Amino acid sequence: MHFTMRIDGTAARITVHGEIDYNTLPTLRAAAAGLPPSVTELVWDLHNALFMDVAGLHLLFEQPSQEGPPRRTTVTNLAPQPLRLLVLAAEVNPDLELARLLPDTPATLFDDSPPPGGPTV
């Protein structure tokens with residue numbers, strides 16, 4: 001796994017290339033922690049992260065350090081497996097704010113209601 005980082009004013013984008021697991025978690029945490037204090041928005045771009053285990057949940061849902069600046073975190077370009085993991089995590093823990101974390105993901109992915117016309121079999 002490796003990542004690329006781009007900082008544009010107060011926004012940073014970290015693009016992950018490879019798997020997100022407990023082996024890669026410390027590197028990704030360090031990348032986020034090393035951002036300048038002026039960065040108030042962090043976007044994790046996961047278009048090249050085709051696999052994520054529970055370590056990815058820790059990365060995306062951790063509360064920021066009290067010493068660090070407040071920072072809005074979002075995720076974009078999720079592959080199917082990481083997206084499914086996030087949806088499952090939200091089903092288990094409804095307090096997780098997926099709509100905030102995934103602003104460019106259709107809200108229908110978070111909706112458990114049956115499709116129009118009733119459930120399909």
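Student: Which strand does strand 3 pair with, and in what sense?

Tutor: Two strands pair if DSSP finds at least two bridges between them. Here strand 3 (residues 41-48) pairs with strand 4 in the parallel sense, over five bridges. Within that pairing, W44 stands opposite V75 of strand 4. Helices (H or I, at least four residues) and strands (E, at least two) are DSSP runs, numbered from the N terminus. One caution on the source: this is a predicted model, where local features need pLDDT of at least 70, side-chain atom pairs count only at pLDDT 80 or more, and totals for chains, interfaces and linings use all residues. Residues are numbered from 1 along each chain as its sequence is written, and side-chain values use heavy atoms, with hydrogens and water left out.

Student: How many residues of strand 4 are buried?

Tutor: Buried means under 20% relative accessible area, exposed over 50%, and partly exposed in between (1.4 Å probe, protein chains only). In strand 4 (residues 72-76), four of the five residues are buried, so the strand is mostly covered.

Student: What is W44 in contact with?

Tutor: Contact means heavy atoms within 4.5 Å. Leaving aside neighbours within four places in sequence, W44 is in contact with a list of residues including I14, V16, L28, A32, L59 and V75.

Student: Which residues touch the most other members of the largest nonpolar core?

Tutor: A nonpolar core is a set of buried Ala, Val, Leu, Ile, Met, Phe, Trp, Tyr and Cys residues joined through side-chain atoms within 4.5 Å. The largest one has 32 residues, and W44, L46 and L86 touch the most other members. Helix 3 gives the most to this core, with six residues.

Student: Which side chains form polar contacts with H17?

Tutor: A polar contact is a pair of N or O atoms within 3.5 Å; within protein, one must be able to donate a hydrogen and the other to accept it, and residues adjacent in sequence count only if both atoms are side-chain atoms. H17 is found in strand 2. Its side chain has a polar contact of 3.4 Å with that of T4, and another of 3.0 Å with that of N48.

Student: What is the phi of N77?

Tutor: Most residues other than glycine have a negative phi. N77 has a positive phi of about 60 degrees although it is not a glycine. N77 sits in the loop between strand 4 and helix 3, and counts as partly exposed because its relative accessibility is 38%.

Student: Where does pLDDT stay under 50?

Tutor: pLDDT is the predictor's confidence in each residue, from 0 to 100. The chain has a mean pLDDT of 86, and 83% of its residues reach 70 or more. Over residues 112-121, pLDDT stays under 50. Where pLDDT is low, the predicted coordinates should not be read in detail.
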